[in-house]
Each structure stands twice: as C-alpha cells, then as structure tokens.
Amino acid sequence: MSPQIRFFEKKRGARRTGSKFWGTVFEALFHLGLLLTGCLLLVWILVTRIYPHWGANRYFHETRAVVLDRRILETGNGDTRLYRPDVQVEYVVDGAQYRTWTFAVTRTNYPERGLAERAAERFQVRGDYPLYYDPAEPSRAVLVRDHSGTSWLLLFIPGALVMVGSVGLAFRVATLGKSTERRAVMHAQRKTVELFDETPQVAPEWPTIPTDRDVTNSPGTKLAYRLPIETSPGWKLAGTAIACAVWNLATALLTSVALRDHLDGDPNWLLSVLTVPFVLTGAWLVFYVIRLWVNTTGVGPPRVEISAHPLLPGESYSTYVWLPQSGQLRFDRFTMSLVCEERSVYRLGTDSQSMLQRVYQRPVLGGDELTIHRNEPYEATATFTVPESAMHSFRSGHNSVDWKLVLRGSIKGWPDYERAYPLVVHPRRQRGTEG
Amino acid sequence: MKRASVHIRIDRPNRVYLPGDTIAGSYSIEAAQPETVQAAELSILWHTEGKGDEDFAVHHFERISRDVQPDWDPSDVREFTTALPNSPLSYDGIIVKIRWRIRVRMFLAGERELVEDLRFQLGHVPTAIPVPIPV
C-alpha cells in the first residue's frame with residue numbers, strides 16, 4: 001500500500017495502481033460535470049427552443065395580417081454565414097393597428113440564402129395571411145408557429161448526459177470508500193431484487209455452473225435429450241459471407257478508381273500498389289467462404305442425443321448419433337470425442353482477446369473410415385464415462401471450463417468437418433469431513 | 001514501524017473442505033495503535049487466476065466498524081462460520097485457476113488499507129494436463 005497519493009495511474013488490465021479513493025473522487029467529479037452540463041443544456045433547450053413554440057401553439061390568438069415587405073437577414077462572418085427570413089406585417093387587434101417585422105417564434109436560420117428565400121416566399125407582399133399574436137402583448141406576433149419536432153429530438157443530447165452523469169455519480173457515491181468485496185456483495189444483492197432480470201444463467205444451488213435448460217428442454221427420439229449444437233454453422237457462414245461481400249465491394253470501388261486512372265493515361269501508382277493487398281485479401285475471403293459453404297452444406301445436419309443430463313463425474317452415459325446424407329459420403333476418419341476446454345478472455349490494451357486450452361479429450365465413437373450411403377443415414381450408439389476426477393463446468397465473466405461432445409470428420413479434398421455439442425458437468429454432491 | 005497485522009485461523013490444519021462443509025475460524029488484529037483501525041471486513045471468496053481477466057465472487061461477508069460499533073476493540077478475536085457452496089471447486093487448470101480465500105481487509109485512518117489472505121481448498125479436482133487441439 002502506498003502512503004502517498006498517486007495521481008497518475010498505471011493500468012494493468014482491469015486492475016489499476018494508485019489511490020482508489022481519489023480515483024473514485026475524480027470519477028465522481030467527472031460524472032457530476034456530465035450531469036451539470038446535461039442539466040444546463042436541458043434548461044437552455046427548454047427555454048430557447050421548446051417553450052416558445054409550445055407557448056405560441058397553446059396561448060397565441062389567431063388573426064389576419066397583410067404582408068407589407070420581406071427581407072433576408074444575414075448573420076455571421078466569413079464562411080459561416082446564416083440567413084433568416086423576415087416579413088413585415090400589419091394587423092389589427094381590438095381596434096389597435098400593429099406593424100412589425102416577424103417570421104417564426106424563434107429565430108429560424110438557414111445555412112443558404114436560397115433556403116431562406118424559399119421560406120420567405122410563402123408570404124407574398126400585399127397578401128393576406130393568418131397571424132398569431134400574444135394576447136398579453138399583441139405586438140408580439142408570428143406568421144409561422146408550426147413545429148417540426150426537431151427541437152424535441154434535441155432533448156436526447158442533454159437527456160443522455162443527465163442519464164450517464166446521474167447513474168455514474170450515484171454509482172461512484174455508492175461505492176466511495178467501499179472495498180471490492182463489499183461492492184461485489186452489494187452488486188449480488190442488487191441482482192437478486194432486479195425487477196426485470198432475465199432468466200438466470202446459473203442455478204442458485206450450483207453457483208458458476210451454467211444451467212442445462214437448453215439441453216433438457218429438447219427431448220430426443222432414441223435417448224432422453226437431444227443436444228443443441230454449440231454454434232450454428234449457418235450463422236458463421238452468413239456472417240462471413242456478409243463480411244466478404246462488404247470487403248469485396250469496397251475493394252471493387254477502389255480497384256475501379258485505380259483502373260480508371262490507368263485507362264485515362266494518368267496512372268496513380270501509389271493507389272494501384274495499395275489496391276493489391278485489398279484484392280488479395282478479398283480473394284482469400286472468397287476462398288474461405290467457399291470452403292465454409294462446402295463444410296456447412298456438404299454434410300447433413302447431425303442429431304446427437306444423450307441418455308441423461310447434467311453429467312456427473314464417474315458416471316457412464318449413452319449417446320446416439322444420427323447423420324443424414326442425400327448423396328454418398330466417405331469420411332477418411334470419423335470420430336466423436338468427449339472434450340473439456342478452458343477458455344479465458346483478457347484485455348490487451350483496448351482489445352479483448354480469448355484463449356482456448358484443451359485439458360481433456362477421449363474418443364467416444366469411430367476413429368476409422370466411414371461411408372454413408374445415399375438415403376441411408378448413419379446411426380450409432382456409444383457409451384462414455386465422465387472421468388472421476390473431472391472438473392465441473394464453470395462459467396464466470398472472463399473464464400470458463402466447458403465440456404462438450406465433438407464430432408469430427410476428415411473428407412479427402414474437403415476442409416475438416418467439426419460440430420460441437422455442449423454438456424454440463426456438475427460436481428458430485430460430496431458431504432463429509434476432511435482433515 | 002509495524003502498524004498493524006491480521007491473524008487468520010481456520011478449523012482444519014490441512015485447509016481442505018468439501019462442498020457443503022462448514023468452515024469455521026477466527027481472526028484478530030494486532031495494532032500498535034488500535035484506535036487507528038476504523039473497520040475490518042471478513043470475506044470468504046473465490047477468484048480466478050491465469051490468463052484471463054480476474055473474476056471473483058464473495059460467498060460470505062462480515063463487516064465491523066467503529067461507526068456501527070464504537071466500543072469495538074480490534075484486538076478481540078472474532079469468530080466466523082459458514083457453510084460452503086456446491087461450486088465452484090478449487091481448480092488448478094492451465095489457463096484458468098480457481099482459488100478460494102478467506103480475506104480480512106482492515107481499514108486504517110487516512111484511507112489506508114491492509115489485506116491479509118488465507119487460502120483453502122474446496123473439493124478435490126486434480127491439476128489439469130494440457131491436451132493439444134487437433135488442427
């Protein structure tokens with residue numbers, strides 16, 4: 001622990017050195033600044049943009065006015081000039097005649113003179129038009145009181161500042177001087193009373209172990225449950241195909257510009273050289289998408305079922321595999337394995353990286369050549385045992401231990417075929433006295 | 001000059017427990033100037049170590065402070081007991097490790113803190129062995 005305050009912190013992943021107390025104070029001040037800025041902006045928009053229009057629509061009385069003249073007023077200087085329509089009108093209220101220059105209830109500026117002129121041309125000189133005046137001050141009148149609603153949209157900006165500032169400030173004040181453990185307890189208690197909390201991902205009696213709801217809600221045809229696939233290959237294919245299309249469209253635009261310069265006899269060699277890596281990457285993406293498409297659609301969707309779930313260490317389970325195929329298919333090697341993998345997510349600078357480490361793998365099925373004939377689905381049943389000393393499934397924010405059944409096939413000339421089916425392994429309920 | 005220290009003791013010398021077992025122990029604070037100790041927190045928690053960013057959760061938490069209990073003497077032995085959960089078990093993986101700890105955090109005058117940990121084991125999961133992922 002440092003006896004002195006460190007104003008400049010060194011960031012180490014999610015951990016920081018320096019004074020936590022003063023760090024929280026500065027963060028609280030930052031959020032207070034956001035909150036105050038949002039409040040001031042909110043008041044300014046309400047006073048100058050919202051209220052005048054709302055007042056004109058609600059309280060102003062209507063009468064008729066004759067247009068005497070019109071003009072365009074310019075404000076600003078240099079390149080930043082703004083143009084405002086202004087119309088001179090004459091009208092009578094309670095026998096008294098009024099003559100004034102007006103247009104809308106707030107100053108309506110346009111970035112181009114033409115736009116301001118078009119707005120003013122709505123009112124022809126010597127024409128008779130509706131006019132709205134303030135009954136408390138009849139000299140205050142407007143020709144335009146319609147409101148586009150954009151002023152209301154402006155409220156989103158101070159609204160966002162107020163929300164971020166107030167939530168951030170409340171959080172900093174609530175956690176000021178509190179230890180990480182105490183904050184974690186407060187956070188856990190808050191989660192238990194959240195009104196709109198989504199379906200819990202872990203069962204309360206098995207902390208950090210994912211629920212097996214996705215498995216047990218799908219009954220099997222031969223065995224108790226049909227296992228869901230880890231990641232649908234169709235989604236991966238669609239995502240990669242979209243990325244490939246976007247990349248190659250951008251590359252095509254870049255290439256067309258470079259080619260046009262060449263055809264015009266004024267080649268831009270720097271642009272031409274820069275285009276080459278884009279074209280090569282685009283070609284590789286096309287090749288990758290084709291491989292993925294072959295991998296996804298070349299083999300029918302397998303069905304994997306299991307006799308019981310969740311799994312327990314030391315227990316044996318049956319599994320059933322059904323693999324349809326519209327045409328003949330020959331795997332050089334086809335296996336199903338029980339696999340356990342550790343997965344970590346960590347921050348590297350501003351990037352989020354993940355790392356995978358397999359810690360268990362045992363074959364459950366296959367291992368040899370396999371030929372699936374036309375319209376004769378492959379079916380197989382096997383038994384496997386979860387090792388007695390197995391670590392249970394574990395999932396937290398950045399780390400996990402995942403069990404799964406992995407189908408893997410090698411087909412000559414094709415990319416390897418792999419499908420994974422997640423499992424949930426619980427620890428054995430052990431009650432006893434150690435030591 | 002040693003300002004303060006914490007002594008944590010638990011009921012099993014080998015520090016190994018099974019899910020559902022009750023862990024019992026005590027802690028005491030030794031301070032040259034006991035009046036400088038403002039508060040103390042006892043947490044029984046798990047956390048991850050390894051390649052990934054750290055995750056942790058507190059299973060049992062107790063706090064004592066002079067604000068709530070003005071006559072608190074930090075040198076008093078404070079006992080604690082709690083039933084341990086079913087999971088997560090202690091795990092010595094390759095890139096994911098799960099550790100259980102008893103942590104006493106002491107808050108001293110001047111926004112200073114002192115932390116003392118005592119590690120214990122929940123369950124019997126052997127050390128993981130890496131297996132290559134087929135390419």
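Q: What makes A:Leu237, A:Thr240, A:Cys244, A:Thr251, A:Ala258 and A:Asp261 of α7(A) count as buried?
A: Buried means under 20% relative accessible area, with exposed over 50% and partly exposed in between (1.4 Å probe, protein chains only); these six residues of α7(A) are classed as buried. Their cover includes α8 (269-297) of chain A, where contact means heavy atoms within 4.5 Å. This is a predicted model, in which local features need pLDDT of at least 70, side-chain atom pairs count only at pLDDT 80 or more, and totals for chains, interfaces and linings use all residues. Residues are numbered from 1 along each chain as its sequence is written, chains are lettered from A and ligands numbered from 1 in the order in which they are written, and side-chain values use heavy atoms, leaving out hydrogens and water.

Q: How do you know that the span of α7 (residues 233-263) of chain A agrees with its number of residues?
A: The expected span is 1.5 Å times one less than the number of residues. The 31 residues should therefore span 45 Å, and the end C-alpha atoms are 43 Å apart, which agrees. Helices are DSSP runs of H or I, at least four residues, and strands runs of E, at least two, numbered from the N terminus.

Q: Why are β9 (residues 303-306) and β10 (residues 316-323) of chain A said to pair?
A: Pairing requires at least two bridges found by DSSP; β9 and β10 of chain A have 4, in the antiparallel sense. A:Glu305 has A:Tyr320 in β10(A) as its bridge partner.
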